[in-house]
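Student: I would like to learn how to read a few local features in a model. Please take them one at a time.

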Amino acid sequence: MLTLPNLLTLSRIVTVPLLAGLLWWPEWQAGYAIGFAVYALMGVTDYFDGYLARAQGTVSKLGIFLDPIADKIMVAAVILVLTAQGVLTGPYVGDLHVIAGLIILIREIAVSGLREFLGGIQVSVPVSKLAKWKTTFQFIALGALILGQGAPDWTVMVAGIDANVPHTVGLITLWAAAALTVITGWDYLRVGLKHMD
């Protein structure tokens with residue numbers, strides 16, 4: 001259990017309350033700047049726990065179980081806190097950007113349930129390349145949204161509106177992640193439906 005990859009995975013789970021606390025006050029720029037650093041560090045551990053487990057030959061059942069859970073806890077916590085604090089908002093559509101976050105959360109819950117069902121009948125569903133792109137867009141989106149609150153002066157004028165560059169990038173990539181979420185979620189569901197007769 002106490003291998004380095006597993007400890008890195010566990011560190012992500014343990015760090016989630018700290019990250020949520022740093023993001024709780026949108027007007028606290030320093031908190032969001034520190035939160036961005038913590039979030040980026042959590043992303044680095046996400047890469048290295050899998051890499052080290054494969055390189056060292058220490059892939060474990062615990063690690064396979066915990067890694068996706070750690071990712072989902074982190075993503076869900078960030079989306080919920082950013083929504084609660086009014087960060088998922090932007091020009092023209094206001095807080096409708098929350099829908100992109102909601103789509104991501106619904107998919108994560110649905111796919112987790114589907115994987116549990118398929119695991120019970122010993123059917124594995126490999127992660128597709130498109131799902132990996134979804135995860136990449138998701139990671140960039142949430143990081144950019146956090147950074148936008150920590151760096152409010154990084155703005156440009158777009159169509160007569162002062163747009164915070166990281167925040168705008170975050171909203172765009174969040175919708176891209178939501179779109180890929182729907183596509184990959186349907187792919188998983190289609191596989192699952194074949195085994196539900």
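Student: Does Arg107 count as buried or exposed?

Tutor: Start with the ground rules. This is a predicted model, where local features need pLDDT of at least 70, side-chain atom pairs count only at pLDDT 80 or more, and totals for chains, interfaces and linings use all residues. Residues are numbered from 1 along each chain as its sequence is written, and side-chain values use heavy atoms, with hydrogens and water left out. Now burial: under 20% relative accessible area is buried, over 50% is exposed, and in between is partly exposed (1.4 Å probe, protein chains only). Arg107 has 9% relative accessibility, so Arg107 counts as buried.

Student: Where does Arg107 lie?

Tutor: Elements come from DSSP runs, numbered from the N terminus: helices are H or I with at least four residues, strands are E with at least two. Arg107 belongs to helix H4, residues 98-120.

Student: Which side chain does Arg107 join through a polar contact?

Tutor: A polar contact is a pair of N or O atoms within 3.5 Å; within protein, one must be able to donate a hydrogen and the other to accept it, and residues adjacent in sequence count only if both atoms are side-chain atoms. Here the side chains of Arg107 and Thr184 are joined at 3.1 Å.

Student: Next, rings. How many aromatic pairs does a search of the whole structure find?

Tutor: Rings of Phe, Tyr and Trp (its six-membered ring) pair if their centres lie within 6.5 Å; planes under 30 degrees apart are stacked, over 60 edge-to-face, and the rest tilted. The whole-structure search gives 3 aromatic pairs. Take Tyr39 and Phe139: their ring centres are 4.8 Å apart and the planes stand at 15°, so this pair is stacked. The pair links distant parts of the chain, with Tyr39 in helix H2 (residues 29-56) and Phe139 in helix H5 (residues 129-150), 100 residues apart. Tyr39 is buried at 2% relative accessibility, whereas Phe139 is partly exposed at 34%.

Student: Why is the pair of Trp133 and Phe137 tilted?

Tutor: The ring centres of Trp133 and Phe137 are 6.1 Å apart and their planes are at 40°, so the pair counts as tilted. Both residues lie in helix H5, 4 residues apart, about one turn of the helix. Trp133 is exposed, with 52% relative accessible area. Phe137 is partly exposed, with 26%.

Student: Now pockets. What volume does the second largest pocket have?

Tutor: On a 1 Å grid over the protein atoms alone, a pocket is an open set of points where a 1.4 Å probe fits, with protein on both sides within 12 Å along at least five of seven lines; lining residues have an atom within 4 Å of a point. Points are joined across faces, edges and corners, and volume is the space filled by probe spheres set on them. The second largest pocket comes to about 220 Å³.

Student: Which elements give two or more residues to the lining of that pocket?

Tutor: They are strand E1 (155-158), strand E2 (161-164) and helix H6 (165-194). H6 gives the most, with 5 residues. The lining includes Pro91, Tyr92, His97, Val156 and Ile161.

Student: How do the lining residues divide into nonpolar, polar and charged?

Tutor: Ala, Val, Leu, Ile, Met, Phe, Trp, Tyr, Cys and Pro are nonpolar, Asp, Glu, Lys and Arg charged, and the others, Gly among them, polar. This lining has 9 nonpolar residues, 3 polar and no charged.

Student: One more. Where is Asp95 found?

Tutor: Asp95 is in the loop between helix H3 (61-84) and H4. Asp95 is exposed, at 54% relative accessibility. Apart from neighbours within four places in sequence, Asp95 contacts Leu88 and Thr89.

How values were computed
Contact means heavy atoms within 4.5 Å.
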